[in-house]
Amino acid sequence: MTEAARVSKRPRIVVLGGGFAGIGAARKLKDADVDIVVIDKHDYHTFQPLLYQVATDLLETSAVGHALRDLFNEQANARVHQTTVTGIDLDKREVQLADMALPLTYDYLVLGLGAEVNFFAVEGAAEHAFPLYTLPDAVRLKEHILERWESADKDETLVEDGAVNVVVVGGGPTGVESAGAVAELYRSLFVKDYPDIPQEKARIVLVEAGPQIFAMFKKKLRKYARKALEKRGVEVQTGEIVESVTPMRVTLKSGAVIPAHTLIWGAGLQANALVKSLGIELEKGNRIPVEPDLSIAGHPEVFAVGDIGWITDIKEGKVLPQLGSVALETGKHAGENIARLIEGNDTKPFEYLDKGTMATIGRGAAVIQMPRGRTMTGKSAALAWGSVHLALLSTGEDRAKAMVDWTWSGFSHERSARITVRTDDT
Ligand SMILES: Cc1cc2nc3c(=O)[nH]c(=O)nc-3n(C[C@H](O)[C@H](O)[C@H](O)COP(=O)(O)OP(=O)(O)OC[C@H]3O[C@@H](n4cnc5c(N)ncnc54)[C@H](O)[C@@H]3O)c2cc1C
């Protein structure tokens, strides 16, 4: 940060996190007479809903990660800094950053640091499971799956040992979408890439602790999703809990042991660990409880938005789920409230505009549950899912990239991203 920026007389808005929530807040303030500083440990915004498509070679990383600086090029009052937030002092109104000697002071703070994976202390999970929350997570998983197939292709005993088996934990959208995408990758592509590895020996097992997958959806959508997964060769095991994980085995509480060299963790989240140092009483999953206007009690100048917040829908009285649409809407609302405060007006309570819940299971298979109870399945739902996710992408360029990859894969059943490039290669 330059000296001129440090001594500016305009109110300084510090936005922590360049996810949907942080971007929503910063962009909403684009015409305000303020200085905005957006801080993120990455120099890109991650479009999490499509991470599983990077992990399964459907999309290039550049379709899912977008340069943060590029998003604010046209916004004269905003600056972006790539650095890690190491501490927040709400009383002093200061943020500590990993590679800046002085703390950054603020007049208004937007907390949009998101959530992180929760392994629920399952033995071996932190060391051996593959979470799917960041772009490096997705690339790691993709490279691991490709490497296991390459190795098994050279040594058939590895197939028997479970090298190409995948266990996915969690029957929510992340787990179901990941299991469906792995099935598409295996059954439509690897079947041709690796003709010597019999597909029936490549197991994909979805494990869910509860009695059903997609618990948040209506019964007929749950049944549809299960059938669509099974049609794609996914074994769905409900009422099962993962007890421990090693690099080659997944042990369930029932005593069953699944030989699998890959365990995808889609089972749980908790708010960013930094929240524990704020001195606030936290809600379930360490989420920060907020006032109706999204500010933190006792700190009207601090707003917690997106996955980090425990945000209650004022119409329904229910806590809102950790979704991209909630993050974007709450971020924008916090930006609007900050502008109102600067202009001397009262803040407004947040009202969520529910556009429905949706998820894909594979090519041409998706489920949608609209706010008033209407439902959709199949190709029409998959098309609607595609348009909603395209609309959420940050720029026209991102949308075009995803469109090209999806269209190519839809027509050809091919995937452009199916290579491994290592920087330590010659
Ligand atoms: C696999 C997956 C699939 C999903 N599918 C869907 C879907 O289909 N539809 C949907 O609506 N939602 C979906 N979601 C949820 C949605 O992506 C999240 O709700 C949304 O991204 C939350 O936005 P956010 O801005 O609160 O947090 P994030 O997007 O997580 O952004 C937080 C930002 O903070 C940065 N950060 C974190 N810690 C630090 C630090 N210490 N210092 C500096 N920067 C830091 C991170 O780099 C990140 O950029 C999915 C999520 C996942 C993981």
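Visitor: Which side chain of opposite charge is nearest to aspartate 307?
Guide: Happy to start there, noting that this is a predicted model in which local features need pLDDT of at least 70, side-chain atom pairs count only at pLDDT 80 or more, and totals for chains, interfaces and linings use all residues. Residues are numbered from 1 along each chain as its sequence is written, and side-chain values use heavy atoms, with hydrogens and water left out. Aspartate 307 is buried, where buried means under 20% relative accessible area, exposed over 50% and partly exposed in between (1.4 Å probe, protein chains only). Aspartate 307 has no salt bridge, and the nearest side chain of opposite charge, 6.6 Å away, is arginine 287.

Visitor: What is the distance cut-off for a salt bridge, and how many does the whole structure hold?
Guide: A salt bridge is a side-chain nitrogen of Lys or Arg within 4 Å of a carboxyl oxygen of Asp or Glu. With that cut-off, a search of the whole structure gives a count of 14.

Visitor: Between which two strands does aspartate 307 lie?
Guide: Helices (H or I, at least four residues) and strands (E, at least two) are DSSP runs, numbered from the N terminus. Aspartate 307 sits in a loop, and the strands on its two sides are E22 (299-304) and E23 (309-310).

Visitor: Which residues does aspartate 307 touch, leaving out those up to four places away in sequence?
Guide: A contact here means heavy atoms within 4.5 Å. Beyond those sequence neighbours, aspartate 307 touches Gly114, Ala115, Tyr133, Arg287, Gln322 and Leu323.

Visitor: How far apart are the closest N and O atoms of arginine 226 and glutamate 230?
Guide: Both residues lie in helix H9 (residues 219-231), 4 residues apart, which is about one turn of the helix. Arginine 226 is partly exposed at 29% relative accessible area, and glutamate 230 is also partly exposed, at 41%. The two form a salt bridge, and their closest N and O atoms are separated by 3.2 Å.

Visitor: Is arginine 148, the salt-bridge partner of glutamate 147, buried or exposed?
Guide: The closest N and O atoms of this pair are 2.9 Å apart. Glutamate 147 is partly exposed at 30% relative accessibility. Arginine 148 has a relative accessible area of 14%, so it counts as buried.

Visitor: What is the relative accessibility of aspartate 31?
Guide: Aspartate 31 forms a salt bridge with lysine 30, with the closest N and O atoms 3.6 Å apart. Lysine 30 counts as partly exposed at 48%. Aspartate 31 counts as exposed, with a relative accessibility of 71%.

Visitor: How far is methionine 100 from glutamate 177 in space?
Guide: Methionine 100 is found in the loop between strand E7 (94-97) and strand E8 (104-105), and at 18% relative accessibility it counts as buried. Methionine 100 and glutamate 177 are 77 residues apart in sequence, and their C-alpha to C-alpha distance is 40 Å.

Visitor: Stepping back to the whole protein, what share of the residues is buried?
Guide: The secondary structure comes to 12 helices and 26 strands. The C-alpha atoms fill a box of roughly 70 × 55 × 40 Å, taken along the principal axes. Of the 426 residues in the protein, the buried share is 52%.

Terms used
Lys, Arg positive; Asp, Glu negative; His and termini not counted.
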